[in-house]
Amino acid sequence: MRTLRALACALLMLPLVPLPARADGPGSASDTTPTQLRIAFGEDPRHTMRVVWQTRTAVDAPVVEYGAGGKLSVRIPARRVSYPYETGAIWEATLTALQPGMVYGYRVGDPVGGFSEAASFRTAPDKPEDFTFTAFGDQGSTPAARQNMTNVLNDAPAFHLLVGDLSYANGVHSRWDDYLKLNEPLTRGVPFMAVPGNHENEKLLVTKQPIGYAAYLARYALPGEESYYVFDYGAARFVGVDTVNLRQREQQEWLEETLADARRDRRVKWLIVFQHYPLYGSTRGRGDNGDLIKMQQPLFDRYKVDLVICGHDHVYERQYPMRGGKAVSPSLTDYTQGIGTLYVIVGGGGISLYDFAPRKPVDCAIRERTYCRLRVRVPVEGPLVAEALRLDGSLIEKFEIRPVR
Ligand SMILES: [Fe+2]
């Protein structure tokens, strides 16, 4: 009894120290800490950058602070983007009037709620320069997905193309948070240029109510229609296609006009399409996509698209250059621009792997059941060099396209 009384007295004599706020509880500082930072080019990658982030609870004055030369001298407000199944408050801002080829530092947040750590990005150059970009699709939040993201980060590309099937949230919206957090080390500094796949066309888990691209459109800020768009980097034009909705006449007309315009523009040396569904493939139970071939192959032939990067089949697979639905070169490594279009599937982003049908089609140059990324070097002079890499960094293949323009 005496011991208990002594303990009670000792407790009463302890100085009053406020308890630390719960790290993740309601009302704690972390409720307003920015997470899931991601950037993407706006319509003109030389002058605009889009920034998106999330907080658990809303803040009063969301802003982006940014500037060149190590100073965050400009502050602009962000706007809240909402969708009915959001898991927090999503904030979006567009940085405009940026200088080409310039490194900018930035941070996001709220003067009361707190800021993110500073990050940086580089705008596209005004004049053509050598650059590298990377691509994969079908990523998810698996250990392989994380390793692939880290590999891309180490490549330090000018930007990354995500060719559809991103989070595999499949109607569970907290999975978007897991995915966007997993990718944050990459997406806070490397523009993440996504197009939607069939898994972005979501249904709610329990009721199966379709919600379309609601999460994708709210959680990313991309150029143009956001599900399909075009942007230039140096002497290359990149055309992102929404193959899930390609039947929509509006997009079909846009695609034809965009490709025709690229070929009228003398500044465009390389024309690269990126999209989710592949035209040609040989995974078990899938094979070629006849509808897509009918819709796209004549266009890609007519406008001499150099490279088409796809996902959807969870493998690496590439055709020989194709023209009129047939392979036009027997080489495995060296091509001349304009003889045919190179179709690449780089769907080994991380979620899972598919098996191939036993027989390799004659027009297929190479195929491998492996997690992978594509790394493409686009020089001002000389050939475009594409390398397909496994998760351990080893080379699946390397091919070159010699320019004629
Ligand atoms: Fe898919």
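The protein has 6 helices and 27 strands, counted as DSSP runs (helices H or I, at least four residues; strands E, at least two) numbered from the N terminus. The model is predicted: local features need pLDDT of at least 70, side-chain atom pairs count only at pLDDT 80 or more, and totals for chains, interfaces and linings use all residues. Residue numbers start from 1 along each chain as its sequence is written.

**Overall dimensions**
- The C-alpha trace spans about 95 × 50 × 40 Å along its principal axes.
- A compact globule of 405 residues would have a radius of gyration near 22 Å; the protein has 24 Å, which agrees. The radius is taken over C-alpha atoms, and the globule rule is 2.2 Å times the number of residues to the power 0.38.
- Of the 405 residues, 43% count as buried. Buried means 20 or more other C-beta atoms within 10 Å of the residue's own; exposed means 12 or fewer; partly exposed lies in between; C-beta atoms are placed from the backbone.
- Among contacts with a separation of 6 or more, 71% join residues 24 or more positions apart. A contact needs C-beta atoms, placed from the backbone, within 7 Å.

**Domains**
- The protein is divided into domain 1 (31-122) and domain 2 (131-402), with bounds from an automatic or database domain assignment.
- Their centres, taken over C-alpha atoms, are separated by 26 Å.
- In the interface, 23 residues of domain 1 are in contact with 26 residues of domain 2.
- On the domain 1 side, β1 (35-41), β2 (49-55), β6 (89-95) and β9 (119-122) each supply at least two residues. β1 gives the most, with 7 residues.

**Core**
- The largest nonpolar core has 100 residues, and Val51, Ile309 and Val346 have the most contacts inside it. Such a core is a set of buried Ala, Val, Leu, Ile, Met, Phe, Trp, Tyr and Cys residues joined through C-beta atoms within 7 Å.

**Helix α2**
- Helix α2 (residues 143-155) has 13 residues and should span 18 Å at 1.5 Å a residue; its end C-alpha atoms are 19 Å apart, which agrees. The expected span is 1.5 Å times one less than the number of residues.
- Ala145, Asn148, Met149, Asn151 and Val152 are the buried residues of α2. They fall within an arc of 160° seen down the axis, so they line one face of the helix. The arc is that of directions from the helix axis to the C-beta atoms.
- These buried residues pack against β10 (131-136), β11 (159-163), α3 (174-187) and β25 (372-378).
- On the other side of α2, Pro143 and Asn154 are exposed.

Conventions. Two residues are in contact if their C-beta atoms, placed from the backbone, lie within 7 Å.
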